[in-house]
Amino acid sequence: MQLNESEIMDSRETEPEPWLLENGTVKRLTRESRNGLGHNRTAHNLSSSSLRKKSDLSLISTLPSSSLRNFLGNLQEVILGTKLSLLFLAVPLAVAAHYFRLSQAWIFSLSLLGLIPLAERVSFLTEQISFYTGATVGGLLNATCGNATELIISIFALIQHKVDIVKYSLLGSILSNLLLVLGSSLLFGGITNLSRDQKFDRKQSDVNISLLLLSLLCNAIPLLYKHAVSPVDLVTVTKATLNLSRATSIIMLLAYFAYLSFQLWTHNHIFEPQEDEAKDDKVIGLWSGIFWLIGMTAVIALLSEYLVDTIEAASNSWGMPLSFTSIILLPIVGNAAEHAGAVIFALKNKLDITLGVALGSATQIAVFVVPLSVIVAWIIGVNMDLDFSLLQTGSLSLAILVTAFTLQDGTSHYLKGVVLLLCYIVIGASFFITDFPNEDMDNNMGVGLESSKR
């Protein structure tokens, strides 16, 4: 189907707006269908949508070939349909740096930058696919792909037996969401709304805090057990800690599935975010969305492999402890797009969306990605437990408690954001001056068994 210029201009002036789909036809979304599709949108979708930009398909729609219109339309929507599109240049640069064996610090930096737009595009593609699959499948897809970057990095690190990097990066993602993202959102949102306190619905935050406390219990139990029993038989203690970690990981996964049921079916009204004035409609077809999602995931996997291979050399090159690079630097840059979206909605006084992003991501990592990493390690023969060391577990517990007290009254102002950010700075400083590779290596059961045999 070919549109002339007058038809294109008329279509822009009327609602609903037309969009060019993969079959070359124009799809109009009615008000009713748009409202029905809106239930598929999560806080993460809305957060990512704040970084998207409207594509002008008027020139592409005049092309005579439907296949060419389809290809160029998808390319423009997926690659150029984000304000972060310039960062896509880091992807081929990272591949080139790896191929020409440049400094590993450069490979690490470029890979990290390349992951920023990829993570935002995964959220965009899952939302596009959910338009066709319905609320249930779309919700499950969002839940699965919401933290795909962290999960893929963890899998590659486990394959290389780098258990300490897995623990560092996952802990850093939780701390970053609870203290940095939420803290900066409350700070800037409070400054923008100095004349009044910002309000939010406590129901969603209460659910997430409860699950975070459950994850904290499951992470603290192995550490407490190791220090509570007599360390006479190191083999027995190490094996018991590992088995206890695997059992509690299964419990956390059951809790996560219950959380999904609660969020998607029984109490989904609690998690319906405030709609933003921006409207995101279907812009690509179902199979195109699936194809692009697979391609983006493959590129994320490639850059994740580069990250895992070079993070230690990059830390040494920059004179930073590995713990600081993994816990502080990696989550800050890797989740920059999601963080920016959360702050933008806080500025708009839409704290429910901000909390859905920050607490939702922290909860998903704590009760899904962390226990799943333990189970995946178990399957591939790597011994990963939930003993995150005393400093890491203490930092996590204090971060969850401070966040819980901050959100207890359902209101916010800039001072609460200041407190959360200062807590994050203190924790970051502790990991900057402290590096404990021996302790993390001893947490691996294989190392513990080898030491005991000696």
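Let me begin with one side chain: that of Lys167 reaches the backbone oxygen of Asp387 at 2.9 Å. Lys167 belongs to helix H9, residues 163–192; helices here are DSSP runs of H or I with at least four residues, numbered from the N terminus. Lys167 counts as buried because its relative accessibility is 2%, the limit for buried being under 20% relative accessible area with a 1.4 Å probe and protein chains only.

I should state the basis of these values. This is a predicted model, in which local features need pLDDT of at least 70 and side-chain atom pairs count only at pLDDT 80 or more, whereas totals for chains, interfaces and linings use all residues. Residues are numbered from 1 along each chain as its sequence is written, and side-chain values use heavy atoms, with hydrogens and water left out.

The pLDDT, the predictor's confidence in each residue from 0 to 100, averages 80 over the protein, and 78% of the residues score at least 70. Over residues 1–40 the pLDDT is below 50, and this stretch has 74 contacts in the model beyond near neighbours in sequence, a contact being heavy atoms within 4.5 Å. Where pLDDT is low, the predicted coordinates should not be read in detail.

I turn to a helix pair. The axes of H6 (residues 104–133) and H13 (residues 322–334) come within 8 Å and cross at roughly 45 degrees; axes are lines fitted to C-alpha atoms over the stretch in contact, with angles from 0 to 180 degrees between N-to-C directions. From H6, the contact involves Phe108, Leu112, Leu113 and Ile116; from H13, Thr325, Leu329, Leu330, Val333 and Gly334.

Methods
Helices (H or I, at least four residues) and strands (E, at least two) are DSSP runs, numbered from the N terminus. Buried means under 20% relative accessible area, exposed over 50%, partly exposed in between (1.4 Å probe, protein chains only). A polar contact is a pair of N or O atoms within 3.5 Å; within protein, one must be able to donate a hydrogen and the other to accept it, and residues adjacent in sequence count only if both atoms are side-chain atoms.
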